[in-house]
Amino acid sequence: AKRSSDAPTASDGEEEDRIQYVPLSQETRRRYLNYAMSVIMSRALPDVRDGLKPVQRRILYVMYDGLRLTADTKPYKCAKIAGDTTGDYHPHGPQAVYDTLVRMAQDFTLRYPLIDGQGNFGSIMGLPAAADRYTEARLTPISEQLMNELRYQTVEMRPNYDGRKEEPVVLPARYPNLLINGTTGIAVGMATNIPPHNLNEVVDACLHLLKAPEATIDELMQIVPAPDFPTAGIIYGLNGVREGYRTGRGKVIMRAKCHFEDIDRGQRQAIIVDEIPYQVNKKTLLERMAELVHEKKIEGISHIQDESDKSGMRVVIELKRGEVPEVVLNNLYKQTQLQDTFGINMVALIDGQPKLCNLKDLIVVFLEHRREVVTRRTVFNLRKARDRGHVLEGLAVALANIDEFIAIIRNAPTPPVAKAELMTRSWDSKLVREMLTRARADGGMVNADDYRPEGLLPEFGMQGDGLYRLSETQAQEILQMRLQRLTGLEQDKIVGEYRDVMAQIADLLNILATPSRVTTIIGDELTQLKTKFGQTKLGARRSVIEH
């Protein structure tokens, strides 16, 4: 408050105008809501279209666009990757970025890892990864499929946090990564927990929905029966899974995969654990078993030994003489994480808003995204084809009037004068005129602008009198043309390339005008991806379903 003994001054009045009196409860509510929305939008929840949170998207973008760490290149130190991500796109601590990078490289966390890590990236025992200065990483082949179409301007770009660079709002994503790899996140007032699935099954569901857009969730569940966890194991019953697919909330009961072996020459038996449930820490599991045996809450176990190695998991639970292994195993299922529950909570961002989604919602939004990506890619290729066709048109005109062109260039004192002279005259080219007419007829073009570059003024190109006016781009290209292109073979190459470009323009225009062709392209690309990644050992279903 102002002092009552002082007379008000001009500066006091200005300061008074800047002060706003707001109830504390209202201001607290507003600021907490802003914080909550920031966590929801920019940190904890994934986008349905590419299945990534912002920090994951930024790490992959830095590796792909900034460092060029594709699957066939030499890996970089993770400290460099985390540093570039925090410096250019993600203004948070590098350790948080590195932790995210580590999870994307763990084959027991992601069904299809997005990063190929070299070094210690942690283990299913709960051991942490080595420091980022000791580990190296690069992209996996399947993660490149999330970003390969960035060069075609297929997604919106936005400024980074300080406006120096641009980053993609979402990745083009050729496959539904949210379903295939799943995600886990805790926001403010909401959370998400989506299990990973098998690529072959999810792609088949996408193809089915492309052919039958009115397909029901029950039909899709015939194709995608249950999740497919990277740690394999057994999915015990499907009621909770189906409820999750229908409503967005449900549960998956997971069991370890075990078998029995005789020991001590058949006098005793042992339970062998081959696979454990998803996200279960093996060290914690073994400690809990030992604790229950010590407290005599589980009877019949004489010794527990972990014999796991690089070839796979093997935990040996030796039983006392005369114990029935099925009874002991059921007790272990009941009292330990040999049986665990994965709570399905399929919350994700659609059009920037968090939404609880069912199985069909996730696939439909992904297919809509693919339709937009294919359309934008086609527009980009069309623009490039028109620009190239325009240059080839000019070269074809030059070849038809080569003697006059050479005379003008030889007699011009400077290149700008030669360019101006070429542009001021009208040229006759029977070849170009016939090719343009044939292209319009064969390609079904409805007007002459179909093959013209964007922004080309009407006074350039083929005119109503059948003569051709060169643009500045064409004239410059002609001046830079090498003499070897005047040979007969090179002339045939120019004409042949021009014919191919005109056919390409007609095909791209047909794609934009025919929605069914876009649908076919999406289906073909999904089928190719399934053939490339789904037919390998990585693509086979791991989790066994027990009804």
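Accessible areas here come from the Shrake-Rupley method with a 1.4 Å probe; for residues, only the protein chains shown count as cover. On that basis the protein exposes about 27600 Å², and carbon and sulfur atoms supply 50% of it.

This is a predicted model: local features need pLDDT of at least 70, side-chain atom pairs count only at pLDDT 80 or more, and totals for chains, interfaces and linings use all residues. Residues are numbered from 1 along each chain as its sequence is written, and side-chain values use heavy atoms, with hydrogens and water left out.

**Whole chain.** Show the C-alpha atoms. They fill a box of roughly 105 × 90 × 50 Å along the principal axes. Colour by secondary structure next: there are 19 helices and 20 strands (DSSP runs numbered from the N terminus; helices are H or I, at least four residues, and strands E, at least two).

**Main core.** Select Ile59, Leu60, Ile115, Leu146, Ile363, Leu367 and Leu526. These have the most contacts inside the largest nonpolar core, which has 108 residues. Such a core is a set of buried Ala, Val, Leu, Ile, Met, Phe, Trp, Tyr and Cys residues joined through side-chain atoms within 4.5 Å. Buried means under 20% relative accessible area, exposed over 50%, partly exposed in between (1.4 Å probe, protein chains only).

**Helix H13.** Now select residues 359-400. This helix gives the core its largest share, 16 residues.

**Leu367.** Zoom in here. Leaving aside neighbours within four places in sequence, Leu367 is in contact (heavy atoms within 4.5 Å) with Cys206, Leu209, Leu210, Ile522 and Leu526.

**Second core.** Move to Met289, Leu292, Ile301 and Met313. They belong to a separate core of 20 residues.
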